[in-house]
Amino acid sequence: ISSLPRTKNPNVHISHQVIHTLTAAHTTARSTKIHRMPPRIAIKCVWSGARQTIPPSSLTPKTTLAELLEPIRATLPPLVLEQGELLYVRQCIKASEWPSTTLKMLGIGMEDGGVLLTLQLPSSPPPIASSEPTAMEVDDTPTSDKMTPDQATQLILSSNFDTDSKECILTLCKMMDNVIAKPGNEKVRCIRLSNENFDGKVGSRRGGVEFLLACGFTYRPTVIPLLSKSTETPKPEFLELLPPNESTPTLLSARKALATTLLQELHVPSSEIPKMKTPPTKAAPAKRTNAEFDVFKTCSYNTQSAAVGANATTIGDGGLSTTERKLQTLQKKQERLEKKMQVLNERELVAWTPGMPEVVVSNGGNQSSAGESSGGKGDGALLAGRMKRMEEERKKREEGGFTTKAMRDLEKIKK
């Protein structure tokens, strides 16, 4: 600006004033301090696996590591304070360097959301080789096959940041709830490992798959094509919970361990934790009643009876239709008539003595000789009447449509 020539042109003079104003505003903006929330720093103790959170109120970029550990100094062993080591992003800071090392030197800014520092005991020097044989060291770290749900939960906490651990455990809570609330549902008991949602929240976090294996899930064997020339063992694609491996008490215990970890270790509000679901109770089998529907019995539904509030079904009537009931009524009537005719007094029998003329007594009491013709009709008239009735019956059968056996029996009795 100072190198620009001064002129008496008013337009040029205004331009210089605008430039000075913008420069002053820019300088003021750069000098203004931006207040940000201090980061949340957690100290993980390797010897116990516990985590301790540092109060963020007193943290600044110039805070040294010695000042950082001051709130938890009383809970640390003396050996750690004298010879311990702090690990952060492949940096190892010994106890003697804590007073001179600041958060800014470690690259921890005030805009960072969460920071995890690992505090461990001093590393021992390499052992001196001796001629005496020593016992072989055995790794006692439990594998995924021997791991319990509680150990798998601690593995998730110790191997991931708090944000990732929270997301992984919340997802596992929902998966456990689905398995517990839906017994026998194969869809919630089979997990595709390549699923993007599962892999992003559980599969890619150390301890997530181990937790499912501890709950009874197993890898489904991958089918190798018959003509495949590859000698490598293919990676499993699914996790599944088979009925022999499923244990409801184990699933409930694992679900409670996840909720406890969210509350006590990650300090998640109870309102954000999904409520634990209980397994559904099995309903007692219903007792069979006499009025229950039977597929081997005839059953009809009368809409007219249902409209007036009467019994619309025939289950209470023994499973009989209207035609069958009428047929039973006529059959009973026929049986009564046959029994009545078997009575001697009602059969109108007459005993004839030798030499008496034969007289036929009809039901109406009229007497006629045996030689008189019946109604004055000859054999031709009787035959013609019989043929006429047979023709009428044939037409009636052809035009009558579909009939059941009960309907046919009813018509036969009516005749």
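Let's start at one side chain: leaving aside residues up to four places away in sequence, F211 touches P149, A152, T153, L172, M176, A254 and L258, where contact means heavy atoms within 4.5 Å. The model is predicted, so local features need pLDDT of at least 70 and side-chain atom pairs count only at pLDDT 80 or more, while totals for chains, interfaces and linings use all residues. Residues are numbered from 1 along each chain as its sequence is written, and side-chain values use heavy atoms, with hydrogens and water left out.

F211 belongs to the largest nonpolar core, which has 33 residues; L172, F211 and L212 touch the most other members. A nonpolar core here is a set of buried Ala, Val, Leu, Ile, Met, Phe, Trp, Tyr and Cys residues joined through side-chain atoms within 4.5 Å. Buried means under 20% relative accessible area, exposed means over 50%, and partly exposed is in between (1.4 Å probe, protein chains only). Two or more residues of this core come from each of α5 (149–159), α6 (162–181), α7 (196–203), α8 (208–214) and α9 (248–264). Of these, α6 gives the most, with 9 residues. Helices (H or I, at least four residues) and strands (E, at least two) are DSSP runs, numbered from the N terminus. Another core lies apart from this one, with 22 residues that include I41, W98, L106 and V115.

How do the helices meet? The axes of α5 and α9 are 9 Å apart and the two pack at an angle of about 30°, which makes α5 roughly parallel to α9. Axes are lines fitted to C-alpha atoms, for helices over the stretch in contact, with angles from 0 to 180 degrees between N-to-C directions. Under 35 degrees counts as roughly parallel, over 145 as roughly antiparallel, 65 to 115 as roughly perpendicular and the rest as oblique. On the α5 side the contact is made by P149, D150, T153 and L157, and on the α9 side by A254, A257, L258 and T261.

Helix α9 also meets α6: their axes come within 10 Å and cross at roughly 150°, so α6 and α9 are roughly antiparallel to each other. In α6, the residues K166, I169, L170, L172, C173, M176, D177, V179 and I180 meet L251, L252, R255, L258, T261 and L262 of α9.

Now follow the chain past α9 into the loop between α9 and α10 (303–307), where you will find H267. H267 has a positive phi of about 55° although it is not a glycine. Most residues other than glycine have a negative phi. With 53% relative accessibility, H267 counts as exposed.

In one, 3 strands form an open sheet in the order β6-β8-β7, with antiparallel pairing. Since β6 (190–192) and β7 (218–219) stand at the edges with a single partner strand each, one side of each is left without a neighbour in the sheet. Strands pair if DSSP finds at least two bridges between them; β7 and β8 (residues 238–240) are joined by 2 bridges, and Y219 stands opposite L239 in β8.

The other open sheet has 5 strands in the order β2-β1-β5-β3-β4, and its pairing is mixed. Its edge strands, β2 (51–53) and β4 (91–94), each pair on one side only. From one strand to the next, the twist averages 25°. Antiparallel pairing over 3 bridges links β1 (residues 40–45) to β2, and the bridge partner of K44 in β2 is R51.
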